[in-house]
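This briefing goes through a single protein chain, topic by topic. Keep the sequence and the structure in view while reading.

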Amino acid sequence: MIDRLLPGHASCPGCAVALAVRYVLQGLPDRAVLVVPPSCIAVLMGPLPLSSTTLPVLQTAFETAAAAAAGLARAYRALGEDVTVVCLAGDGGTYDIGLQALSGAAERDEDFLYVCFDNEAYQNTGNQKSSATPWGARTTSTPRGKTTRKKEIVEILAAHRIPYAATASPAYRDDLLAKVRRALGLHGTRFLNVTCPCVPGWGIGEDASLRVGRLGVESRAVPLYEVEDGTRYRITHRPAGIPVGDYLRAQSRYAHLTADQVAAIQAEVERRWEDLVERCERVNGPAAVDRAEARVPAS
Ligand code: SF4
């Protein structure tokens, strides 16, 4: 596997976004171009004339990553060149500021892979809340905890009936790489949301990103699943079902929560999980979740 992320980049020590970007780049073909709006990924890629990757990078405005990717993909097709176009964006540029361009591109089924590295806030500008920030999480703009829910971005993209939408985690590398490969084998707009613990924003240690990522998945707060054509749901890793409090207590952004608030989050996690299982079983039958566990083992 070719490593296309070079050492010496500007991410924080222990950054899960850097690791997730590294894995995604490993899954790409040699002829790929990257489109990057403002985000921790833009910082990671480096300012001109420096670059942290061996692939070409087009840095865009916040609003325009999906529009730029659509234009690039069409231009390469017109030239008869087989080039894979991949957006690497943060949650601010995806859930909030870039959503209009992304929705338009998805509606037109433009031919690119869009990967959102979701660290659940505007982390490279100092941890302001985004619509990816979960309820209760403290950020610099929600010092008493966010009072609204996290936006369901995969459901929004799936509702466009794009060929492929999925969640992933850098703590489950094989699952992430399998999804990159699956997406690259399809045409049209394909979307991955990779949840990435952030050292300063989540209030975790430099050595804790993968452990916290696993707690998120195993508590079912961050379920790993994929959706084909907006209808065929599959859970790709069966979580252990540990208490969500184990995940929350590992992060200082949740340190202010009361026991009742943790219980409310647990209830919401269970409601969302049951809803996801129901969607899977509707298409694949009652054994779908167990079969998924056998197909894609955790890393
Ligand atoms: S702020 Fe968070 S996501 Fe951004 S580079 Fe640092 S650890 Fe990574």
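Four glutamates, Glu270, Glu274, Glu278 and Glu281, gather on the surface in a patch of negative charge. One of them, Glu278, belongs to helix α11, which covers residues 259-284. The model is a predicted one.

**The charged patch**
- Glu278 has a relative accessible area of 48%, so this residue is partly exposed. The limit for calling a residue exposed is over 50%.

**The chain as a whole**
- The chain has 12 helices and eight strands as its secondary structure.
- Its radius of gyration is 18 Å, close to the 19 Å given by the globule rule for 299 residues, and therefore the chain is as compact as a globular protein of that length.
- The C-alpha trace spans about 60 × 45 × 35 Å along the principal axes of the chain.
- Buried residues make up 55% of the 299 in the chain.

**Backbone features**
- Most residues other than glycine have a negative phi, and most peptide bonds are trans.
- The peptide bond that joins Leu48 and Pro49 is cis, with omega at about 5 degrees. Pro49 sits in the loop between α2 (40-45) and β2 (57-59).
- Arg161 is not a glycine, yet its phi is positive, near 60 degrees. The loop between α6 (153-158) and β5 (164-168) holds Arg161. With 56% relative accessibility, Arg161 counts as exposed.
- Arg220 also has a positive phi, near 75 degrees, in a residue other than glycine. Its place is the loop between α9 (209-218) and β7 (225-228).

- Val57 is part of strand β2. Its relative accessibility is 31%, so Val57 counts as partly exposed.
- Val57 and Val33 are 24 residues apart along the chain, and their C-alpha atoms are separated by 6.0 Å.

**Salt bridges**
- The count of salt bridges comes to 22.
- Arg108 and Glu110 meet through their side chains in a salt bridge, with 2.6 Å from N to O. Arg108 is partly exposed, at a relative accessible area of 44%, whereas Glu110 counts as buried at 5% relative accessibility. A residue is called buried when its relative accessible area is under 20%.
- Glu268 and Arg149 form a salt bridge between their side chains, with 3.1 Å from N to O. This pair links distant parts of the chain, since Glu268 is in helix α11 and Arg149 is in the loop between β4 (112-118) and α6, 119 residues apart. Arg149 counts as exposed, with 60% relative accessibility.
- Lys179 and Asp175 form a salt bridge in which the closest N and O atoms are 2.8 Å apart.
- A network of salt bridges links Arg182, Glu226, Glu228, Asp229, Arg232 and Arg234.

Note on methods. Residues are numbered from 1 along each chain as its sequence is written. This is a predicted model: local features need pLDDT of at least 70, side-chain atom pairs count only at pLDDT 80 or more; totals for chains, interfaces and linings use all residues. Side-chain values use heavy atoms; hydrogens and water are left out. Patches are made of residues with over 30% relative accessible area and no salt bridge: like charges are joined within 9 Å, nonpolar side chains (Val, Leu, Ile, Met, Phe, Trp, Tyr) within 5 Å. Accessible areas come from the Shrake-Rupley method with a 1.4 Å probe; for residues, only the protein chains shown count as cover. Lys and Arg count as positive and Asp and Glu as negative; His and the chain ends are not counted. The place of a charge is taken as NZ of Lys, CZ of Arg, CG of Asp or CD of Glu. Helices (H or I, at least four residues) and strands (E, at least two) are DSSP runs, numbered from the N terminus. Buried means under 20% relative accessible area, exposed over 50%, partly exposed in between (1.4 Å probe, protein chains only). The radius of gyration is taken over C-alpha atoms; the globule rule is 2.2 Å times the number of residues to the power 0.38.
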